[in-house]
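Here is a short tour to read alongside your viewer.

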Amino acid sequence: MTQTADHPTDEVHEVDLAISGMTCASCSARIEKKLGRLDGVDAVVNLATEKATVRWSGPVTVEELLETVRRTGYGAEVLTHGAPAAPPRAETGSGTPVDTGEATPDETSSAVERATAPAAHHQVTRQDDLRRRAEVAALFTVPVVVLAMVPGLDFAGSPWVQLVLATPVVAWAAWPFHRAAALTARHGGSTMDTLVSLGVLAAYLWSLVVVLTGRAGGMDGGGSHIWFETATVVTTFLLLGRWMEARATDRTRDALRGLLDLGAKDVAVLRTDPASGATVEQRVPVDDLAVGDRFVVRPGEKVGTDGVVRDGRSAVDASLVTGESAPVEVAPGSEVTGGTVNTTGRLVVEATRVGAETTLAGIARLVERAQTSKAPVQRLADRVSAVFVPVVLALAAVTFVGWWVGSGDPARALEVAISVLVIACPCALGLATPTALLVGTGRGARMGILIKGADVLEDTRRVDTVVLDKTGTVTSGEMTLVEVSTAGRLPKDQALRAAAAVEQGSEHPVAKAVVAAARSRALDVPEVTDFEALPGAGARARVKDTEVRVGRADLFDEVPREIAAPSAEGTTVWVGWGGRARASFTVADTVRRSSGRAVRALDDAGLVCYLLTGDHDRAALTVARDVGIPVGRVVADVRPEDKHAMIADLQRRGRVVAMVGDGVNDAAALAQADLGIAMGTGTDVAADAADIVLLRSELPAVVDAMELSRATLRTIRQNLGWAFGYNVAAIPLAVAGVLSPMVAGAAMAASSVLVVSNSLRLRRWTPRG
């Protein structure tokens, strides 16, 4: 699908670009700056994933974006793109759609593979090249260092031998530095490669001139000093550092590759034999599945794609996809998720979503989008990196002149200037945030925690209040009908038929309980027209020619006395028509066994918990008592706009609020909250409005999400603290002449490896509970 300039200019488009040639934060900042100068373009460039996500409105084309990047001195290829940008949906383990980012209708192959394969291939190729160059450089560097540093090896031809050995190191092994510096310089820019290339070339060319003019001195101090060992050792150390950094960074992508491995590779599809007319099994690659295909899943096999069980009963292990530990019983009509494992019985599943529309692909898109985003704390690092290299170049020049004038020794001045150039490379700054994000969000995805962006991490740190929706969040949401009361002579079954007819179009747990009760009694539920959900109030629809309403008592002009009082046993709704309530239904919900533990954990973390519900106060207070929330923090009988208003009121009082919900009536509150957390058993509207989506339906997942987000943010801050602190401390030491160029090269390489290694610790993160 090709982006053209004739799209309406008010539409928002998006494209993901694979960027090659970046080596430090200055590179990514430079590309962002150049793309940002295009009309209506907003770009985020990630150094660790080597990818740019570009959004724009207006007449800009993808070809213009690619050309802009290439003119800046870097390679660019399109990964995926679609226009206009519109969030598709993938399902959770319960069949719930989740907003997962942009996808085009043509995306029929795995989104996970598309996201990881190009970057992984490039990374492996780059690793091999860096390893080969580092090995060759080390092979030639060792004898150069021995000749230059070991006493007794100072013979007449030593400078010429060092020249012969150093030349391939500087010319071939260091070529990536020189090439990148030249490309950037051609476009009027500078990066860390500029610093490295200048430092290495300065040491080599100075030594070359000294040797060719015959002025090379020995270790006894006569003649001019040569710096071949500096040029070779700096190159070797930096190549080794780059190689180790590339290996470690590649490991940060393991989460996305792990998601890819979760999916089935092929499936046994049921086909009709044209010769005999019999139904036979045919194994086909999972990418060949189409919506409507029926396939067989045997015990121990993975479900090929999202679908609905049409035959068979079993228990499905969804732990790899959602983090849910207990297997889920499934039967005909149950929805299953691709990548989950069938444990016992044989199932026949009808595919409902394939390719890029599946839950697994959706999770991958959401994780990748989060990994591409930037935390606010990283933006300061980007601004520093953008001006850092030019400042260092100027500082190195001043240092060279100052030492030459002060000491009268140009060789010593050159040594100090090279140390400044090498020590100051800002690679660690560029890797500090994206590597931690890659690992943290990837770890979350494997636990069923989907973090939508880097800015969410900052929000979790500031949150001091958590507002919990009751139904489906604190409670199981699996309600059952326990009582039916009617007014007058209306039969209970007739009232239930009318209520179920309307409620079969609703997603609310109360509605599901009413419909389930009607089906369990084998009642004939009529079809309806003009269905309309009334968020926070109920629903209405037309049964034949009569408008029937189901929901709160205030939907009716008149509620007879015998059914007016809500039951203390659970949640009560009313059904009626003609402005008069005709019957009441009471459904009971159960508190999740893990909810009390989760509320205690939130309390221990210093967070203030509120319970918020549209249910009546008696039911709300019972639940609050069960989980340990004080009566003064229970707000019941609220509509969606009241939930939104309550969040806003807490914020006006100085609270930083996280809202946890799962339904349509929670969407406004989730959007208003400083941090919105949607339970995976909920609806797509709630997931769209949330900052974090939990694929597990247990409340402790909220605690895990908060702790993981804070752990990731801590890691980012540690990385940035080290990267800034390293440069602040090292540059003055280099200017003062304390650090030799060889030590500077080793320290710079080590700083990048340290940052990436610190981020990799998040792979082993586990909840404290």
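Of the 769 residues in the chain, 56% are buried (under 20% relative accessible area; over 50% is exposed and anything in between is partly exposed, with a 1.4 Å probe and protein chains only). This is a predicted model, in which local features need pLDDT of at least 70 and side-chain atom pairs count only at pLDDT 80 or more, while totals for chains, interfaces and linings use all residues. Residues are numbered from 1 along each chain as its sequence is written, and side-chain values use heavy atoms, with hydrogens and water left out.

**Overall make-up**

- The chain has 25 helices and 28 strands; these are DSSP runs numbered from the N terminus, with helices being H or I of at least four residues and strands being E of at least two.
- Among contacts (heavy atoms within 4.5 Å) with a separation of 6 or more, 70% are between residues 24 or more positions apart.

- An open sheet is built from six strands in the order 18-23-22-21-20-19, with antiparallel pairing; two strands pair if DSSP finds at least two bridges between them.
- Strand 18 (480-486) and strand 19 (529-534) are the edge strands, and each pairs on one side only.
- From one strand to the next, the twist averages 20°.
- Inside this sheet, strand 21 (residues 546-551) and strand 22 (residues 571-577) run antiparallel and are joined by four bridges.
- If you want a pair to click on, Val-550 has Val-575 in strand 22 as its bridge partner.
- Helix 17 (residues 509-520) lies across strand 18, strand 22 and strand 23 (580-588), and it runs at about 80° to strand 18 (axes are lines fitted to C-alpha atoms, for helices over the stretch in contact, and angles run from 0 to 180 degrees between N-to-C directions).

- Three strands make an open antiparallel sheet in the order 12-11-14.
- Strand 12 (328-330) and strand 14 (341-342) each have a single partner strand, so one side of each is left without a neighbour in the sheet.
- Strand 11 (residues 314-317) is joined to strand 12 by three bridges, and the two run antiparallel; here Ser-314 stands opposite Val-330.
- Elsewhere, seven bridges join strand 7 (residues 266-272) to the antiparallel strand 8 (residues 279-285), and Val-267 stands opposite Val-284 in strand 8.
- Strand 7 and strand 8 form a hairpin with six residues between them, and Gly-277 in the turn has a positive phi of about 80°.

**The second largest pocket**

- The second largest pocket has a volume of about 580 Å³. On a 1 Å grid over the protein atoms alone, a pocket is an open set of points where a 1.4 Å probe fits, with protein on both sides within 12 Å along at least five of seven lines, and lining residues have an atom within 4 Å of a point.
- Of the 29 residues that line this pocket, Ser-20, Gly-21, Arg-126, Pro-176 and Arg-179 are the closest to its centre.
- Helix 3 (111-149) and helix 5 (175-186) are the elements giving two or more residues to the lining, and helix 5 supplies the largest share with eight residues.
- The lining divides into nine nonpolar, eleven polar and nine charged residues.

**Two buried residues to look at**

- Val-702 lies in helix 24 (residues 700-735) and counts as buried, at 0% relative accessibility.
- Leaving aside neighbours within four places in sequence, Val-702 is in contact with Val-660, Ile-677, Met-679 and Leu-694.
- The C-alpha atoms of Val-702 and Leu-602 are 9.0 Å apart, although 100 residues separate them along the chain.
- Ser-28 lies in helix 1 (residues 25-36) and is also buried, at 4% relative accessibility; beyond its neighbours within four places in sequence, Ser-28 is in contact with Met-22 and Val-45.

**Backbone angles worth a glance**

- Most residues other than glycine have a negative phi.
- Ala-522 has a positive phi of about 55° although it is not a glycine; Ala-522 lies in the loop between helix 17 and strand 19 and is exposed, at 68% relative accessibility.
- Asp-637, not a glycine either, has a positive phi of about 60°.
- The loop that holds Asp-637 lies between strand 25 (634-635) and helix 21 (640-652), and Asp-637 is partly exposed, with a relative accessible area of 45%.

Conventions. Grid points are joined across faces, edges and corners, and a volume is the space filled by probe spheres set on the points. Ala, Val, Leu, Ile, Met, Phe, Trp, Tyr, Cys and Pro count as nonpolar, Asp, Glu, Lys and Arg as charged, and the others, Gly among them, as polar.
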